[in-house]
Amino acid sequence: MADFVGKLKTIIFENTADLFKIISVEISNQKDLNWPTSEIIVTGTIGDLDYDTDYEFQGELTTHPKFGDQFKCHYYHILEPSSTAGLIKYLSGENFPGIGQKTAQKIVDKLGGKTLPTLQQGLDSEDINQLNLTKRQQESLSLGALKIDNFSEIILQLGNLGLPKKVATAVYKLYGDKALQLVEDNPYQLISEVSGVGFKRSDEIALKLGITYDSKKRIQGAILQGLVSNTAVNGDTYQDATLVIDDAHQILNQSRFSGEVTDEQILEQLQDLVQAQKVVIDQQRLYLPLFYKCELDVADELKRFKDYKTEVNQADNVEAVIKQAEIKLDIEYDQTQKDAIAMVLTNQLSLLTGGPGTGKTTVIKGIIESFNQLDKTNRQKILLAAPTGRAAKRMSEVTGYQATTLHRLLGLVSDGQQNQEDTETEIKGDLLIVDEMSMVDLLLFYQLVKALTPEIKVVLVGDQDQLPSVGSGNVFSDLLKSNCFEKTKLQKIHRQAESSSIVELAHAINHEQNEELVFQQQKDRSFIACSRNQVPTVVNQIVKKATEKGFSMDQVQVLTPMYSGESGIDNLNQSLQKLLNPKEGSKTKEIEIGKHKFRINDRVLQLVNNSEKDIYNGQIGEIVSLTPSNQTETMIVDFDGHEVTLGKKELRDLTLAYAISIHKSQGSEFPLIVLVLTMQNSRMLKRNLLYTAITRASESLVMVGEKRAFQTAITTDGSNRKTTLALRLQTKFKSNLEQQLELNSQQDEKTNNYQLTPDLILSQQIDPMIGMTDVQLK
């Protein structure tokens, strides 16, 4: 460990998401650093620094393979002036406008060596009140005290409360210098505001702070935990009020706190949360405000978009251009497919759904070609997009048009915010086709619809029977269910059953027909029964035989629902890595990150969006180079021809991809799928999960595991998310008369003056928008 004192000279790089910085520092005191020059590169998690302020940095010298020697900062703090003259100079400096030397002298004479700590604690101390400062001087001292950077100290104190550094950094980024104060005041507010903090962790902090078992803040935290959990785990946008109360009761009374909270106390705090706009209640449905407003605003945006007055193509012209498209593509469409193409050409917004083999891709090609035939004198601007990079790549391959991810189309970065805060992306063009719509969650769809411009036609394509999005909502299914838009469902199978028993199986499962069909051996699919502890051995044998038959590593994909357990993703990845890319002695380079060891030629999966590197959640790549080192580690990964260099922090966003989750496989197809299901995954065994997994196989399918697990999946409905987007759309698209009657009813209700009570909450007699007229989605 070494330390030195210096001033900020230049910020070379800054990641606003995690506060990681690379800075140039001018050294004013070497202390025990032993550095040959007066300037040094410093890296680390660092808050806002002032250019003319001395800081003491503690850490270690490291060597970057590309950029050479630099200082890795573990801790830093502002070097507060200790002498009287130094304090006076600091207080009369640029951080405290309006505080001259005389006032500074008066302050220092009164407060002495405790001057800066006293200012940071606030201006309500008796000593400061005795100084008779003007209001302007008091404001200057308050603002200047906020500029005294306490980042490292706050992170340290949050760590002492039990927050990991990554979470503590997120807390600091959200709350700034008030982070510690706010957490100590109410650790439970982190549940709904900071990713990675749940009720259990908040409870542990509360115990250290002496918060009682029946504290209002604790009870409110349990209510929010129930809502947040159902949103994150189940993908719901709301929860039934009675279930939330039951969940809160269970959460509160199963902890290290002694004492029992009653349902009456929970109801009282639910009332306070509604009044504070932290929870919305509507017809006994409880929402987090974000999702309530988002459903309403999506309905508003779609109504606005559909109401645009655009030129409608004549039926005879449409029929002619479809015929021209058939000739150009050498395809003969059936009537339903022709209707789908005509629907898109004559409507502002259209929905196209269908299962595997029903010709969705063929229709998309027809839509594009027909659209181009409408106006041959002007080149049409056609945009194609999909939720993941792999789905976009596949869309490009089958259409011949460049496709992109929705995140890139919308200019979104990894945290879902736009790259430029001052400008909102507008999607301009003649036609936008979005594929794999079942993967699009509510928040992403909201970003999409608010970016649409009047002149563009939109067609949303997907398979409504696949798994819904990982994020909250069931957007595509709700759009279809609402019956507010023109839609076509493709049902005729064009990929004939004799050439693909996989397609036949997928449709049989979807319609709950003949569950024994899964276990019948066919030329392109088979079932191998085995226990969960036998799964790794069986999967290895299957993959080994596949590679011997000529399948390449990227043509074989193992799928399973969960990460943990003997038949889970992590264990299967380790087993398959030993088979396909084993370590051959000490010469094999590898980097160990957490529970994974990465080697050259390993198949890897990107877990989060990283727009700076142009890689996105769900993309699969291959490691082509890596540099293991005690001080720094880097890796080059080839994502479908796009080589990306990743640093040590970014490596934590990778995992091995010999086996991946069924959710992560959506939008992709592989020649050979090895599907693993056991009762270890019982919570996730649903019909749409099995259906989605099976439809990833383009040529061959091998199902492995417990017969009971497959039977459970076939007979368990998975399309039961709690959402109200379809209801919002139906309400918004009512006739003008119905809307006016409803508006009048709402106005009558608003004239009633009533006290919000627990009884009213559960009796559905309150306006869900109480106090929310100014709430806006960002």
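Strands β6 and β8 (residues 285-287) pair in the antiparallel sense over two bridges, where pairing asks for at least two DSSP bridges between the strands. Step back, and three strands come into view as an open sheet, in the order β6-β8-β7 with antiparallel pairing. At its edges lie β6 (239-240) and β7 (280-282), each pairing on one side only. Strands here are DSSP runs of E with at least two residues, helices are runs of H or I with at least four, and both are numbered from the N terminus.

A word on the source: this is a predicted model, in which local features need pLDDT of at least 70, side-chain atom pairs count only at pLDDT 80 or more, and totals for chains, interfaces and linings use all residues. Residues are numbered from 1 along each chain as its sequence is written, and side-chain values use heavy atoms, leaving out hydrogens and water.

Patch members have over 30% relative accessible area and no salt bridge, with like charges joined within 9 Å; a salt bridge is a Lys or Arg side-chain nitrogen within 4 Å of an Asp or Glu carboxyl oxygen. Glu268, in helix α13, counts as partly exposed because its relative accessible area is 43%, between the limits for buried (under 20%) and exposed (over 50%), with a 1.4 Å probe and protein chains only.

A positive patch gathers Lys72, Lys165, Lys166, Lys648 and Arg652. Lys72 sits in strand β5 (residues 68-78) and is partly exposed, at 33% relative accessibility.

Notes. Patch = residues over 30% accessible without salt bridge, like charges linked within 9 Å, V, L, I, M, F, W, Y side chains within 5 Å. Areas by Shrake-Rupley, 256 points an atom, 1.4 Å probe, with all protein chains shown as cover. Lys, Arg positive; Asp, Glu negative; His and termini not counted. Charge placed at Lys NZ, Arg CZ, Asp CG, Glu CD.
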